[in-house]
Amino acid sequence: MKIDIRWRGLSILVVLLLCIFFVGPSLVNDLPEFWKKNSRKISLGLDLRGGAHLLLQVKVEEAVKNSVVQISGDLKDLLVKDKVRFARLEAKDRELEIVLLKPEQEPDLINIVSRQYPGLKRVSSAPEEGKLRVRFQISQEEADRIRENAVRQAVETIRNRLDPEGVKEHDIVAQGEDRILVQLPGVEDVEHAKEMIKRVALLEFKIVDREHSLEDALRGNVPPDSEILYTSKVDPQTRRRVRGEPILVKKQTLLTGDMLDQARVEFEYNMPKVGISFDSRGAKIFDQVAEANVGKELAIILDNTVYSHPVIKQRHYGGRAVIEGNFTPEEARDLVVVLKAGSLPAPVEIEEERTVGPSLGKDSIQAGLTAGLVGAVAVVIFMALYYGTAGVVADLALAFNVMIVLAALAALRATLTLPGIAGIILGVGMAVDANVLIFERIREELRAGKPFRLAVDAGFSRAFSAIFDSNLTTLIAAALLFQFGTGPLRGFAVTLCIGLVANLFTAVWVSRTIMDYLIGRHRAIGVGIRVTG
């Protein structure tokens with residue numbers, strides 16, 4: 001080693017202080033605020049901490065249908081703007097059916113659709129009582145793209161909903177074409193988490209239909225451009241939300257939550273409500289809606305439930321509205337969270353649910369700690385007895401190795417799982433192997449009659465290439481495991497990768513520095529053999 005031992009010692013001290021800084025919050029609760037603010041506890045996985053495991057299925061076909069419905073709404077405005085007259089425009093699953101009043105305007109219709117919606121293909125045209133019925137269907141490529149985007153958007157939306165819940169160690173990944181795996185370590189109120197995940201959160205604004213009789217509609221005579229929805233109320237007995245009064249609303253959606261800018265909990269006479277505001281485009285549309293419907297009731301609808309239907313009293317609201325619904329503070333806060341996270345592109349269903357109780361997590365932690373402690377004590381005793389002072393130096397390096405792995409987990413905000421503990425143990429095993437390799441090389445040099453100082457130099461030099469090769473090949477395998485593995489395999493690969501890198505530092509750099517220090521201080525160092533001659 002050509003580098004001065006003081007610089008090596010300083011580098012080791014710096015790494016040690018960093019390890020203490022990152023591991024500290026996991027070991028001690030009462031720490032200075034700046035310390036807790038800049039580092040965090042090691043995250044424990046589902047198998048160690050308990051929690052919920054959910055496998056969700058995204059109804060991707062619903063996303064395709066919703067896309068066609070959305071196109072139908074936009075296309076109506078375009079046809080009116082371009083003066084293409086039509087009698088009916090209706091979305092049917094993956095198809096869009098338009099009845100033109102003037103058949104000669106079919107080229108104009110096709111031109112608008114192909115220009116604005118290249119994913120729609122005309123499938124047929126047929127005369128219908130002097131009119132022309134044109135059918136468009138969404139192409140297979142476009143449908144596949146919508147399905148893929150739906151799953152990706154659902155993953156992001158669910159993550160945004162769960163982050164404010166404090167479940168930041170969650171694991172949310174897409175599986176296959178229409179499934180999402182959600183793991184929530186430490187979550188005890190699983191039902192609440194499921195409720196937050198499943199909520200579609202489709203916010204719509206529609207005009208209440210007072211032109212037709214609600215009683216007639218309830219008897220089955222629902223006007224073709226209207227629909228019956230229900231308000232929501234809290235059951236005084238169960239304190240759960242149940243269906244409230246029926247209300248007749250126009251089918252046409254005037255504005256959706258896509259242009260929502262802010263949502264927040266507000267209080268009026270100690271009653272919580274949710275205030276919302278739109279972005280510039282949404283505010284403009286909202287004011288246009290208000291101006292055109294002064295005196296009418298505007299239904300604020302979330303997931304087909306009418307939360308409030310205030311009368312529009314003025315032409316301009318500045319893009320602001322209020323959702324009232326006899327909320328509790330918790331309900332209002334949850335509603336703000338889902339509105340901010342955005343609506344799911346399609347409903348999700350829970351296909352599989354498993355709950356790991358905290359007691360099982362404690363058992364796992366205890367079993368892992370016991371196994372690790374027994375193994376560590378056995379290794380420490382063996383190394384000290386078999387290699388003497390050098391074995392004690394190796395034990396210190398092993399302890400440093402484990403501390404580096406734990407500090408790296410905390411710094412990288414990785415999650416420690418049972419497979420991760422297995423990766424740490426394997427890394428420690430390879431660290432022991434590296435020390436044994438070094439000490440055996442030193443022994444060989446001593447048996448060959450070299451002085452102790454030269455034997456140590458030769459031992460470390462000769463062993464380094466073998467240690468480096470074995471760690472590098474294992475590191476490559478672990479990296480591939482991380483890249484192509486999922487869940488527990490990745491947890492194993494992470495701790496093993498960190499442990500292998502730490503090995504090169506502790507087994508070669510730290511052990512050598514300590515031994516050089518002891519030799520420099522003329523301290524006797526035994527390597528477990530009696531050297532004669």
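Predicted model: local features only at pLDDT ≥ 70, side-chain atom pairs only at ≥ 80, totals over all residues.
1. Four strands make an open sheet in the order 7-8-2-18, with antiparallel pairing. Strand 7 (171–175) and strand 18 (348–356) are the edge strands, each pairing on one side only. From one strand to the next, the twist averages 15 degrees.

2. Inside that sheet, strand 2 and strand 8 are joined antiparallel over 7 bridges.

3. Helix 6 lies across strand 2, strand 7 and strand 8, and runs at about 15 degrees to strand 8. Helix 7 also packs on the sheet, where it touches strand 2, strand 8 and strand 18, and its direction makes about 160 degrees with that of strand 18.

4. Now the other open sheet of 4 strands, with the order 3-4-6-5 and antiparallel pairing. Strand 3 (86–92) and strand 5 (120–128) are at the edges with a single partner strand each, so one side of each has no neighbour in the sheet. The twist here averages 15 degrees from one strand to the next.

5. Strand 3 and strand 4 pair antiparallel over 6 bridges, and Phe86 stands opposite Leu100 in strand 4. Helix 5 lies across strand 4, strand 5 and strand 6, at about 20 degrees to strand 6.

6. Which residues touch the most other members of the largest nonpolar core? They are Leu75, Ile180 and Val182, out of 44 residues in that core. Elements that each supply at least two residues include strand 2 (51–58), helix 4 (60–81), strand 4 (95–100), strand 6 (131–138) and strand 8 (179–185). Helix 6 gives the most, with 8 residues.

7. Leaving out residues up to four places away in sequence, Val182 touches Ala52, His53, Leu54, Leu56, Leu162, Asp171, Ile172 and Ile197.

8. Is strand 15 (residues 298–302) enclosed or open? It is largely enclosed by the rest of the structure, because 5 of its 5 residues are buried. Leu298, Ile300 and Leu302 point one way from strand 15, while Ala299 and Ile301 point the other way.

9. Strand 15 has partners too. Strand 9 (residues 203–207) pairs with strand 15 in the antiparallel sense over 5 bridges, with Glu204 opposite Ile301. Strand 16 (residues 305–308) runs antiparallel to strand 15 and is joined to it by 3 bridges, with Ile300 opposite Ser308. The hairpin of strand 15 and strand 16 has 2 residues between the strands, and Asp303 takes a positive phi near 50 degrees there.

10. Helix 12 (residues 389–412) has 24 residues and reaches 35 Å between its end C-alpha atoms, close to the 34 Å expected. Arg413 follows helix 12 and has a positive phi, near 60 degrees. Helix 15 (residues 488–520) has 33 residues, which at 1.5 Å a residue should span 48 Å; its end C-alpha atoms are 46 Å apart, so the two agree. Even so, helix 15 bends by about 30 degrees at Ala502.

Notes
Residues numbered from 1 in each chain as written. Heavy atoms only, no water. Expected span 1.5 Å × (residues − 1). Bend = angle between axes of the 7 residues up to and from the residue. Core = buried A, V, L, I, M, F, W, Y, C linked by side-chain atoms within 4.5 Å. Buried < 20%, exposed > 50% of the residue type's maximum accessible area, 1.4 Å probe, protein only. Contact = heavy atoms within 4.5 Å. Pairing = 2+ DSSP bridges. Axes fitted to C-alpha atoms, helices over the stretch in contact; angles between N-to-C directions.
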